[in-house]
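Good morning, and thank you for joining this group meeting. I would like to take you through one structure, which I shall now put on the screen.

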Amino acid sequence: MDLNQLTDEVIAGRPVTEDEALAILRLPDAETYALVAAAGRVRRHHFGTMMKVNYLVNLKSGLCPEDCFYCSQRLGSEADVLKYRWLSNQEAVAAAKAGIAGGAKRVCLVASGRGPSDRDVKKVSEIIDEIKADHPDVEICACLGQLKEGQPEALAAVGADAYNHNLNTAQSHYDRVCTTHTFKDRTQTIQHARAHGLSACSGLIAGMGESDGQLVEVAFALRDLGADSVPVNFLMPFDGTPLAGHAELTPLKCLRILAMIRFVHPDRDVRVAAGREQHLRSLQALSLEICNSLFLGDYLTSEGQAGKADLQMITDCGFTVAGQAQAAGDIDVRPVIRQRGPGTLEPANA
Ligand code: SF4
C-alpha cells in the first residue's frame, strides 16, 4: 500500500475500500508513525489545528437493566462505580457549565438505561434549555439509550444538536458483547434520531475480542449510517464485568485503529474517547494528530486525565481548543459529581 498516494486520494474525496482499511490496521509497528503522519494530513486538511473538546455529564449512573458485557453499569455489575439516579437539573447544569468553562464545545448529557421515559426526556429537555439559554453556541448531545416515537422530536425541538448511540462493535460480533438488545436496535435508534434532524454521534469500543475484519466492519457500518461524530473507545476492562482482564491492545495498535477510522471517516469528528490514558499510555499525544476531538477529563464511570492536563496536552501539540477555555487555574470539571463518594447509591432526586 502506498500511503502517500492513498492519502492524496482520500483528501481528494475518494472513499477508502474495506481492503484498504484492513491493510491500515495490519501495518507493522515500524510503519505506524508514518501512518499517523498520513492520517494527520487528512485531519489537518479537514480540521486544521482545531481540537473539539467534548464534556460528559453523567445524569444517571449504574442501575441499568441491560447486560452489555463491557459496561460497568450493566445489570449485576460488581464494578465499584458511582451509582445514582438522576442528578437534579441544577446539578446537571452546574456540571455542564464547569465543562464549558474548561473549553468544551459540546456537552454530552448521558443517562444509563435501555431508554428514556417521556418524563426523562422532559427532564433532559429542561436541562438542555437551561444550558442553551446561557451558551447558545455550545452543542448539546443527548445519550439516553433507545428512543421511542416522539422522543427525538422533543429533543430536537428544545435545541439538542446531536444524539449519541454507539454501535460499539460489528454486527457479526454483537452477540458476544450483549444479549438484552440487538445490533439492529442500535442502528434503528440512530436512524430514528437522524430522521428528526439530530446529528448522529456513534462509535465503537475496540479490544473486546473482535477481529481486525470486525473493526473494519463496524467502521463501515458507521459510515453507512451517516455518523457525523465517531467516538473511538478502548475497552476499560472493569473488574466485576464479563470482560474483566481483557488486555489485547497495544499503544501502536490503538493508533492504527484511530488512523483506520480517520481514513474511513475523513471529514467527520473522530474522537479519542474512553481508555486513551490506559491504552495509548505515553503515545497519547500522538492520537491528537489523528483525531480532532477528545473528551475532557473524566469518563462516565472512571476518572480520566485531569482536565487541565488535557488542555496542556492540546496546547503542547500545537492544536487550538475550539471552545472557550478559561485561561488560568485548576479546572475542576466535575465539581458536583466528585462530591459523591464511590459506590454511593442514592435515591431518585427528581
Ligand atoms: S452500555 Fe448503556 S445500555 Fe448497556 S449496560 Fe451500559 S448503560 Fe446499560
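Let me begin with a question: is Leu-56 buried or exposed? Leu-56 is buried, because 29 C-beta neighbours lie inside 10 Å. By the definition used here, a residue is buried if 20 or more other C-beta atoms lie within 10 Å of its own, exposed if 12 or fewer, and partly exposed in between, with C-beta atoms placed from the backbone.

Two remarks on conventions. What you see is a predicted model, in which local features need pLDDT of at least 70, side-chain atom pairs count only at pLDDT 80 or more, and totals for chains, interfaces and linings use all residues. Residues are numbered from 1 along each chain as its sequence is written.

I turn to the strand that holds Leu-56. Leu-56 belongs to strand 1, residues 50–60; helices (H or I, at least four residues) and strands (E, at least two) are DSSP runs, numbered from the N terminus. Strand 1 pairs in parallel with strand 3, residues 106–111, over 6 bridges, where two strands pair if DSSP finds at least two bridges between them. Within that pairing, Leu-56 has Cys-108 as its bridge partner. Strand 1 also runs parallel to strand 10, with 3 bridges between them, and here Lys-52 is partnered by Ser-293. A further parallel pairing, over 2 bridges, links strand 1 to strand 11, residues 320–321; Met-51 stands opposite Val-321 there.

Strand 7, residues 204–206, runs parallel to strand 8 and is joined to it by 3 bridges, with Ile-205 partnered by Asn-233. Strand 7, helix 8 (residues 212–225) and strand 8 form a right-handed β-α-β unit. A crossover is right-handed if, with the strands pointing away from the viewer, the path from the first strand over the helix to the second runs clockwise.

Why is strand 8 described as largely enclosed by the rest of the structure? The reason is that 6 of its 6 residues are buried. On one side of strand 8 are Ser-229, Pro-231 and Asn-233, and on the other Val-230, Val-232 and Phe-234, so that both faces are covered.

Strand 8, residues 229–234, is joined in parallel to strand 9 by 4 bridges. In this pairing Val-232 is partnered by Val-272, and Pro-231 stands opposite Arg-271. Strand 8, helix 9 and strand 9 also make a right-handed β-α-β unit. In strand 9, residues 269–272, Asp-269 and Arg-271 point one way and Val-270 and Val-272 the other, and all are buried. Strand 9 in turn runs parallel to strand 10, residues 293–295, with 2 bridges, and Val-272 stands opposite Leu-294.

Which residues touch the most other members of the largest nonpolar core? They are Val-107, Leu-109 and Leu-258, in a core of 101 residues. Helix 9, residues 251–264, gives the most to this core, with 10 residues. A nonpolar core is a set of buried Ala, Val, Leu, Ile, Met, Phe, Trp, Tyr and Cys residues joined through C-beta atoms within 7 Å. Beyond its neighbours within four places in sequence, Leu-258 is in contact (C-beta atoms, placed from the backbone, within 7 Å) with Val-232, Val-270, Val-272, Ser-287, Ile-290 and Cys-291. In soluble globular proteins, nonpolar side chains tend to be buried together.

The ligand comes next. Around the ligand are Cys-64, Glu-66, Cys-68, Cys-71, Gln-73, Arg-74, Ser-112 and Gly-145, each with its C-beta atom, placed from the backbone, within 6 Å. This shell comprises 3 nonpolar, 3 polar and 2 charged residues; Ala, Val, Leu, Ile, Met, Phe, Trp, Tyr, Cys and Pro count as nonpolar, Asp, Glu, Lys and Arg as charged, and the others, Gly among them, as polar.

Finally, two loop residues. Asn-168, in the loop between strand 5 and helix 7, has a positive phi near 75°. Asn-168 is buried, because 23 other C-beta atoms lie within 10 Å. Arg-281, in the loop between helix 10 and strand 10, has a positive phi near 45°. Arg-281 counts as exposed, because it has 11 C-beta neighbours inside 10 Å.

How values were computed. Contact = placed C-beta atoms within 7 Å.
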